[in-house]
Amino acid sequence: FQGGPKAVQRREGEARDAFSPKESLAECRQFLKTAARDPAPLLKAEKAMQEFVRSYVLVRGYLDHARRKVASVSEAATEELVVANPDTLAVCSSSHRCREVLERCVES
């Protein structure tokens, strides 16, 4: 997310809603801070990623496993956020657009 051109460009005067694509890491952090009133799933995911990084060993053929592990932690955190924050994230259960924005912010 840092540097480079903006991935999403708004049209002049176009309003942004809470679930519009985020253009930076700072926007993702602000979105999660606002939407995730119960941050426990994010803290749990952060702890799982720290443990993964601490114990990561580069072995031939292991990169696909590492990719799946990181994706698994991210997907679980996204689902847990929706469940733990029904007042702000319930729409992400049924809206593909909302879910995609949430997943990308969690991954960041």
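**A pocket and the helices around it**

Hi everyone, let's start with the largest pocket, which holds about 450 Å³ of space. A pocket here is found on a 1 Å grid over the protein atoms alone, as an open set of points where a 1.4 Å probe fits, with protein on both sides within 12 Å along at least five of seven lines. Its volume is the space filled by probe spheres set on the points, which are joined across faces, edges and corners.

A quick word on the source: this is a predicted model, where local features need pLDDT of at least 70, side-chain atom pairs count only at pLDDT 80 or more, and totals for chains, interfaces and linings use all residues. Residues are numbered from 1 along each chain as its sequence is written, and side-chain values use heavy atoms, with hydrogens and water left out.

So, what lines the largest pocket? There are 20 lining residues (those with an atom within 4 Å of a point), and L42, E46, C105, V106 and S108 lie nearest the centre. The elements giving two or more residues to this lining are α1 (25-35), α2 (40-55), α3 (63-84) and α5 (96-107). Helices are DSSP runs of H or I with at least four residues, numbered from the N terminus. By class, the lining has 14 nonpolar, two polar and four charged residues. Nonpolar means Ala, Val, Leu, Ile, Met, Phe, Trp, Tyr, Cys and Pro; charged means Asp, Glu, Lys and Arg; the others, Gly among them, are polar.

Now to the packing of these helices. The axes of α1 and α5 come within 9 Å and cross at roughly 110°. Axes are lines fitted to C-alpha atoms over the stretch in contact, and angles run from 0 to 180 degrees between N-to-C directions. α1 is therefore roughly perpendicular to α5, a word used for 65 to 115 degrees. C28, F31 and L32 of α1 touch V101, L102, C105 and V106 of α5, where contact means heavy atoms within 4.5 Å. That contact has seven nonpolar, no polar and no charged residues.

Next come α2 and α3, with axes 8 Å apart at an angle of about 165°. This pair is therefore roughly antiparallel, meaning over 145 degrees. Among the residues that meet are L42, A45 and F52 in α2 and V70, V73 and L81 in α3. The contact of α2 with α3 divides into 12 nonpolar, no polar and three charged residues.

Finally, how do α3 and α5 pack? Their axes are 9 Å apart, at an angle of about 125°. Residues meeting here include S74 and E79 in α3, and R99 and E103 in α5. Five nonpolar, two polar and four charged residues make up the contact of α3 with α5.

Methods: Parallel < 35°, antiparallel > 145°, perpendicular 65-115°, else oblique.
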